[in-house]
Amino acid sequence: MSGDIECNIKSKILKHKLFALQVDESTDITGKSQLLVFVRFINDEAIVEDVLCCKELPETRKGQDVFDVLNSYLEYCGLNWKNCVGICTDGVPVMTRCLKGFVLIAQKQNPNIIHTHCFIHREALVAKNLGPELKSALDIVVKIDNYFKIRPLKCRQFAKLCVGMEADRSTLIQLTEIRWLSRGKVMSRFYEFREELLTFCLQENLKDFVECLSDDHWCSKLAYLANIFHELSLMQGRNENILSSTDKINAFQKKLTIWEKRIAAGNWEMFPSVLKRNCQETELLILNHLHTLLKILTNIFHQYLLTSMTGLETHLWNLSHLKNSSH
C-alpha cells in the first residue's frame, strides 16, 4: 500500500513538474536522526500537501548529509532540483548556515529556490517568551501533568474523582514540548479542572501542588495562560500558506495593540477566564507580557508585517493578496 501511495504522489508531481519542499530533521525516541520531508505541488488547480519521505540520516547531521539523503531520494523519484521552487525549514544551523547549510547547497543546484523560515517555528519562538512569573506558573502545570503521566493509577483515581464531582470531563490533556500549538487546549483543560485537582492533591497530601492550586494569584496567571495560548494557537490551521499566515500574524499584531489599550482601560473581555477573577493582581504582569509579545512578534516577523513595510511594499503586497484572493 505504501508503495502505491508513493507511486501516486510521484506521478502527480512529475505531471505538474514544479514542487516545494518542507524539510525538518529530528531525533526519534531511539536516538536516531530522522529527516522528514513534506512536498507541496499543484494537482487539479489546487495546492496539495503530502508526506514525501522519512529517511534516517547517517551518523553526522551536517547540511551536506541532509542534502545527500534528500538528493538521493529525489533522484530515485525522478525529480529534479530545477523544478523545486521553494524550501521551508526551521532556523537551525544545519539548515541555514551561510556556507555549509542544506539550503545553500540546494540553491547551488537551483539558484531560484526561495527559502522560507517555517512560520510555526517562529510562532513557537514567540510563544516561549513568557517571563519568569508566567514561566514559573507553566512549570507547575508541567510538574502536575508529569505526576499523572507517569502514574496510570493516579490517572484512573483522578478520573473517578471527576465523575464523583460531576465534572464535564474526567481526563487531563498531556502536554508535550514539540506540540506547542496544543498548549491552549492543555491549559484550558487544566484551568477547568483546578477544583478537582485541588481536591485530589489534598487527598494525596501533595503540599506543593495544593499551595499553588489554592492561590488565587497563581490561578489568575493560569487563567491568562489558558486564554493567551488559545489565541496563539489560532495563528495556525489546516491548509495554511504564506498569505493566510501573514494575514493572521498582522491580525494578531493588531490584537495585541488593542488588548494593551483595553486592559489599561479596565476592559478584560478578550480574556474571559481572567475576567472572572481578580484582574487587578495580574494587570501589570499581563500588560508586560503583551508588550513583550508584541515586541518579539514584530522582531521575528518584521518582513511580513504591514506596519514594517514601505508604502511601495504595502501596495505590492495588497495587489498580490487581492490577485490571489480573486482566484
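**Loops, domains and a charged patch**

User: In this predicted model, in which loop is the place of Glu-45?

Analyst: The model is a predicted one. Strand 2 covers 33-43 and strand 3 covers 46-56. Glu-45 has its place in the loop between strand 2 and strand 3.

User: Is Glu-45 buried or exposed?

Analyst: The relative accessibility of Glu-45 is 83%. A residue counts as exposed when this value is over 50%. Glu-45 therefore counts as exposed.

User: What is the phi of Glu-45, which is not a glycine?

Analyst: Glu-45 sits in the loop between strand 2 and strand 3. Although Glu-45 is not a glycine, its phi is positive, at about 65°.

User: Where does Asn-205 lie, and what is its phi?

Analyst: Asn-205 belongs to the loop between helix 9 (194-203) and helix 10. With a relative accessibility of 53%, Asn-205 counts as exposed. Asn-205 is not a glycine, yet its phi is positive, at about 60°.

User: Which residues form the negative surface patch that includes Glu-211?

Analyst: Glu-211 is found in helix 10, which spans residues 207-213. Glu-211 counts as exposed because its relative accessibility is 59%, and over 50% is required for that class. The negative surface patch is formed by Glu-211 together with Asp-208, Asp-215 and Glu-281.

User: How far apart do the C-alpha centres of domain 1 and domain 2 lie?

Analyst: The domain assignment places 1-117 of the protein chain in domain 1 and 123-306 in domain 2. Between the C-alpha centres of domain 1 and domain 2, the distance is 34 Å.

How values were computed. Residues numbered from 1 in each chain as written. Predicted model: local features only at pLDDT ≥ 70, side-chain atom pairs only at ≥ 80, totals over all residues. Heavy atoms only, no water. Patch = residues over 30% accessible without salt bridge, like charges linked within 9 Å, V, L, I, M, F, W, Y side chains within 5 Å. Areas by Shrake-Rupley, 256 points an atom, 1.4 Å probe, with all protein chains shown as cover. Salt bridge = Lys/Arg side-chain N within 4 Å of Asp/Glu carboxyl O. Lys, Arg positive; Asp, Glu negative; His and termini not counted. Charge placed at Lys NZ, Arg CZ, Asp CG, Glu CD. Helix = DSSP H or I, 4+ residues; strand = E, 2+ residues; numbered from the N terminus. Buried < 20%, exposed > 50% of the residue type's maximum accessible area, 1.4 Å probe, protein only. Domains from an automatic or database assignment.
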